[in-house]
Amino acid sequence: RGEAQTLSQAAEANLLKWREINSLSTDDDAVRWAAIKSTFSRNLLTGGSGESDPINRITGHMNAFTVGLEKIEHAVGNSTLSQDTLGHLQKIIEGLRAVPVNVEIKVQPVEQASPDSMPVAISNEVSQEGLS
């Protein structure tokens with residue numbers, strides 16, 4: 001009813017797992033649930049010695065590095081919107097180049113009606129095959 005609710009991490013994980021079991025997950029739910037499971041797996045590797053343990057700190061840094069590599073792998077493996085857009089634009093440009101366009105511009109000197117008027121008459125005509 002307009003009130004913001006914040007779930008704890010455990011409650012969120014339980015809700016996402018319940019949705020997955022009951023086939024109620026959305027795409028966003030599935031992505032979030034996969035991220036939670038991945039984080040849980042990495043946390044299992046670090047042990048529970050706390051931040052004062054140098055081995056735990058090194059392992060944490062290595063895990064952060066691994067997460068960064070996974071993100072790079074995901075980004076490289078998926079086509080970006082800009083690549084798709086460039087492909088579409090290239091097809092459009094090739095289609096436009098295939099259609100011949102004739103442009104004719106005529107400039108004729110005329111007698112000046114007043115000092116502020118143009119000393120030439122300009123007219124243009126653009127035609128394209130199949131269109132008039």
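In this predicted model, the side chains of Asp 29 and Arg 19 are joined by a polar contact of 3.0 Å. Asp 29 belongs to helix 2, which covers residues 27–46. With a relative accessible area of 12%, Asp 29 is buried, because the term applies to values under 20%. When neighbours within four places in sequence are set aside, the residues in contact with Asp 29 are Leu 16, Arg 19 and Leu 24.

The pairing of Asp 29 with Arg 19 also qualifies as a salt bridge, with 3.0 Å between the closest N and O atoms. Asp 29 is in helix 2 and Arg 19 is in helix 1, so this pair ties together parts that lie 10 residues apart in sequence. Whereas Asp 29 is buried, Arg 19 is partly exposed, at a relative accessible area of 26%. As a general principle, side chains of opposite charge can pair when their charged atoms come close.

How many salt bridges does the model contain? The count comes to three. Another of them is formed by Glu 12 and Arg 32, whose closest N and O atoms are 2.9 Å apart. Glu 12 lies in helix 1 and Arg 32 in helix 2, so the pair ties together parts separated by 20 residues in sequence. Glu 12 counts as partly exposed, with 22% relative accessibility, and Arg 32 is likewise classed as partly exposed, at 37%.

There is also a salt bridge between the side chains of Lys 37 and Glu 20, with an N to O distance of 4.0 Å. This pair links distant parts of the chain, since Lys 37 is in helix 2 and Glu 20 is in helix 1, 17 residues apart. Lys 37 is partly exposed at 38% relative accessibility, and Glu 20 is partly exposed at 41%.

Helix 1 itself deserves attention. This helix runs over residues 9–21 and contains 13 residues, which at 1.5 Å a residue should span 18 Å. The expected span is 1.5 Å times one less than the number of residues, and the end C-alpha atoms of helix 1 are 18 Å apart, in agreement with that value. After helix 1 comes Ser 23, which has a positive phi, near 55°.

The wider arrangement of the chain can now be described. The protein chain holds four helices and two strands, and along the sequence these follow the pattern α-α-α-α-β-β. Of its 132 residues, 7% count as buried. Among the contacts between residues at least 6 apart in sequence, 20% join residues at least 24 apart. The chain exposes about 11600 Å², and carbon and sulfur atoms supply 57% of that area.

A further feature of the surface is a nonpolar patch. Which residues form this patch? The patch consists of Leu 86, Leu 89, Ile 92, Ile 93 and Leu 96, which together have about 500 Å² of accessible area. Leu 86 is found in helix 4, which comprises residues 81–98. Is Leu 86 buried or exposed? Leu 86 is exposed, because its relative accessible area is 57% and the term exposed applies to values over 50%. Leu 86 is thus exposed, whereas Asp 29, where this account began, is buried.

How values were computed: Residues are numbered from 1 along each chain as its sequence is written. This is a predicted model: local features need pLDDT of at least 70, side-chain atom pairs count only at pLDDT 80 or more; totals for chains, interfaces and linings use all residues. Side-chain values use heavy atoms; hydrogens and water are left out. Patches are made of residues with over 30% relative accessible area and no salt bridge: like charges are joined within 9 Å, nonpolar side chains (Val, Leu, Ile, Met, Phe, Trp, Tyr) within 5 Å. Accessible areas come from the Shrake-Rupley method with a 1.4 Å probe; for residues, only the protein chains shown count as cover. Buried means under 20% relative accessible area, exposed over 50%, partly exposed in between (1.4 Å probe, protein chains only). A polar contact is a pair of N or O atoms within 3.5 Å; within protein, one must be able to donate a hydrogen and the other to accept it, and residues adjacent in sequence count only if both atoms are side-chain atoms. Contact means heavy atoms within 4.5 Å.
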